[in-house]
Amino acid sequence: MTTVHEPAVPATASAEELSVWPASTAEPRPGDLTVGGVALAEIAGRFDTPVYVLDESEVRRRCQNYRDAFPEAEIHYAAKAFLCRAMAHWVEEEGLGLDVCSAGELELAVAAGFPPDKIVLHGNAKTPHDLKKALWYGVGRIVIDSPSEIARIAAAVGPDGHQKVMVRVVPGISAGGHEKIRTGTEDQKFGLSISDGYAQHAIARILDQPQLELTGLHCHLGSQITDVKPYLSAVRRMVGLMARLRGQHGVVLEELDLGGGHGVAYRPGEQTMDLTRLARKVRAELTEACAAAGLTVPRLIIEPGRAIAGPAGIALYRVVSVKHTGGHTFVAVDGGMSDNPRPVLYGVRYAPRLVGRRGSTTLAPVTVVGRHCEAGDVVAADVQLPDDVGAGDLIAVPVAGAYHLSMASGYNLVGRPPVAAVRDGRARLLVRRESLEDIRSRDVGL
């Protein structure tokens with residue numbers, strides 16, 4: 001009988017393994033990773049687990065990358081990926097605008113001192129409260145997503161008021177990493193279609209409202225897009241619509257918002273969006289399409305969210321138990337689907353790593369699972385971890401800065417984790433842990 005052993009691996013992380021971690025990540029001692037000059041084990045000890053770690057320098061670096069790639073464009077950070085007051089402050093200092101999808105996101109941004117005129121309000125079902133807050137604060141633009149919003153906004157603004165608006169158009173382009181995050185096609189809830197004429201009809205109605213200033217068109221194709229081609233197709237279709245609007249109404253729109261959705265790698269070796277290539281190709285396509293249509297090139301707007309926040313964040317969990325059953329090894333941690341629903345929603349795959357100590361040089365296949373009462377509560381399926389992983393160990397999950405805490409729930413009433421920022425060897429709390437007292441105080445019945 002032949003015994004098959006798992007291959008021995010170096011005890012220290014390779015450059016490839018760390019390729020999806022923040023640029024500041026280092027390993028001063030085997031297994032002891034630092035981010036922003038702070039040991040992850042130190043953060044877990046200070047703030048307990050689960051905890052999210054956000055590298056401020058990585059956030060700022062990624063904002064600067066967008067400014068460098070699109071110097072002529074407006075860059076708006078998509079707050080839905082992750083928002084706190086510090087995050088709003090960082091992106092504003094780096095010269096970015098902000099797009100929000102609710103009165104809550106808007107309120108938090110304004111509380112952080114973010115200029116309202118640099119904020120855009122999105123949403124397919126904006127409530128009266130959302131619109132009231134947006135008009136009260138004086139947001140820069142409201143993106144109209146349905147015909148009913150036109151009359152509602154016009155009435156709220158009043159005959160003597162003024163509000164800049166855009167129209168979200170469905171260009172009929174399928175792109176994105178999962179069917180649930182493809183938003184440029186006809187069969188989903190966002191925007192107004194070009195093909196059936198709803199977009200054109202809505203635009204005509206807006207132009208009849210003197211208090212509404214139509215500044216441009218908006219589209220968003222989806223998320224986790226790594227191919228440039230869908231954006232080029234969108235440019236052609238949007239410019240084509242702009243040309244028809246000029247012919248029909250004599251209006252020349254000044255802005256074109258191509259949304260975001262730029263893909264990032266969650267595991268080493270995965271494809272990412274080449275930002276420099278995207279900018280070069282989009283710029284050339286926009287210039288050529290406008291020249292062919294006899295249009296002035298509109299001001300470009302780009303809305304990255306995940307591509308800025310995602311790779312800057314790490315989730316830290318403590319191992320609670322290790323179970324060998326049915327030929328599988330399950331490593332259970334103290335968090336899970338209440339602080340990160342993405343694996344169960346989209347089947348997302350991560351590359352977790354043992355941190356805080358030097359593990360065995362022999363790797364074993366395991367599935368990292370959460371603490372919640374669902375079989376689908378899986379943090380990372382079929383991954384390799386040292387075969388001596390055990391209760392009390394720390395597991396770090398990179399690329400955890402976007403759509404983790406922002407999508408967190410109250411399932412099993414375990415409380416949402418805190419967020420700690422790291423920079424230049426210091427760690428500080430940005431968002432505190434949701435406590436049992438928080439949970440009790442919201443329940444006012446009996």
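This is a predicted model: local features need pLDDT of at least 70, side-chain atom pairs count only at pLDDT 80 or more; totals for chains, interfaces and linings use all residues.
Q: Which residue just after H3 takes a positive phi?
A: Glycine 95 does, with a phi of about 90°. Residues are numbered from 1 along each chain as its sequence is written, and side-chain values use heavy atoms, with hydrogens and water left out.

Q: Why are H2 and H3 called oblique to each other?
A: The axes of helix H2 (residues 56-69) and helix H3 (residues 85-93) cross at roughly 40° and come within 9 Å. Axes are lines fitted to C-alpha atoms, for helices over the stretch in contact, and angles between N-to-C directions run from 0 to 180 degrees. Angles under 35 degrees count as roughly parallel, over 145 as roughly antiparallel, 65 to 115 as roughly perpendicular, and the rest as oblique. The crossing of roughly 40° therefore makes H2 and H3 oblique.

Q: What is the hand of the crossing in which H2 passes H3?
A: The crossing is right-handed. A crossing has this name if the near helix is turned clockwise from the far one by less than a right angle, and is left-handed if the turn is anticlockwise.

Q: Which residues of H2 and H3 meet?
A: From H2 come Glu56, Val59, Arg60 and Cys63, and from H3 come Met87, Trp90, Val91 and Glu93. Contact means heavy atoms within 4.5 Å. These residues divide into five nonpolar, no polar and three charged. Here Ala, Val, Leu, Ile, Met, Phe, Trp, Tyr, Cys and Pro count as nonpolar, Asp, Glu, Lys and Arg as charged, and the others, Gly among them, as polar.

Q: What makes H4 roughly parallel to H5?
A: Helix H4 (residues 103-111) and helix H5 (residues 128-137) pack at an angle of about 25°, with their axes 9 Å apart. That angle therefore makes H4 roughly parallel to H5. In their contact, Ala103, Leu106, Glu107 and Val110 of H4 meet His129, Asp130, Lys133, Ala134 and Tyr137 of H5. The contact comprises five nonpolar, one polar and three charged residues.

Q: Why are H7 and H8 called oblique to each other?
A: The axes of helix H7 (residues 198-207) and H8 cross at roughly 45° and come within 12 Å. H7 and H8 are therefore oblique. H7 passes H8 in a right-handed crossing. Gln200, Ile203, Ala204 and Leu207 in H7 meet Leu241, Arg244, Leu245 and His249 in H8. By class, this contact has five nonpolar, two polar and one charged residues.

Q: How do you know whether glutamate 434 is buried or exposed?
A: Its relative accessible area is 18%. Buried means under 20%, exposed over 50%, and partly exposed in between (1.4 Å probe, protein chains only). Glutamate 434 therefore counts as buried. This residue is found in the loop between strand E21 (426-431) and helix H12 (436-442). Leaving aside its neighbours within four places in sequence, glutamate 434 is in contact with Gly415 and Arg416.

Q: Is valine 320 buried or exposed, and what relative accessible area shows it?
A: With a relative accessible area of 51%, valine 320 is exposed. Valine 320 has its place in strand E14 (residues 313-325). Valine 320 and aspartate 334 are 14 residues apart in sequence and 6.3 Å apart in space, C-alpha to C-alpha.

Q: Why does arginine 353 count as buried?
A: Because its relative accessibility is 15%, arginine 353 counts as buried. Arginine 353 lies in strand E16 (residues 353-355).

Q: How many residues has the largest nonpolar core?
A: The largest nonpolar core has 131 residues, and those with the most contacts inside it are Leu40, Ile43, Phe70, Tyr77, Met87 and Leu217. The largest share of this core, nine residues, comes from helix H8 (residues 229-249). A nonpolar core is a set of buried Ala, Val, Leu, Ile, Met, Phe, Trp, Tyr and Cys residues joined through side-chain atoms within 4.5 Å. In soluble globular proteins, nonpolar side chains tend to be buried together.

Q: Which residues of H3 are buried?
A: The buried residues of H3 are Ala86, Met87, Ala88, Trp90 and Val91.

Key:
Helices (H or I, at least four residues) and strands (E, at least two) are DSSP runs, numbered from the N terminus.
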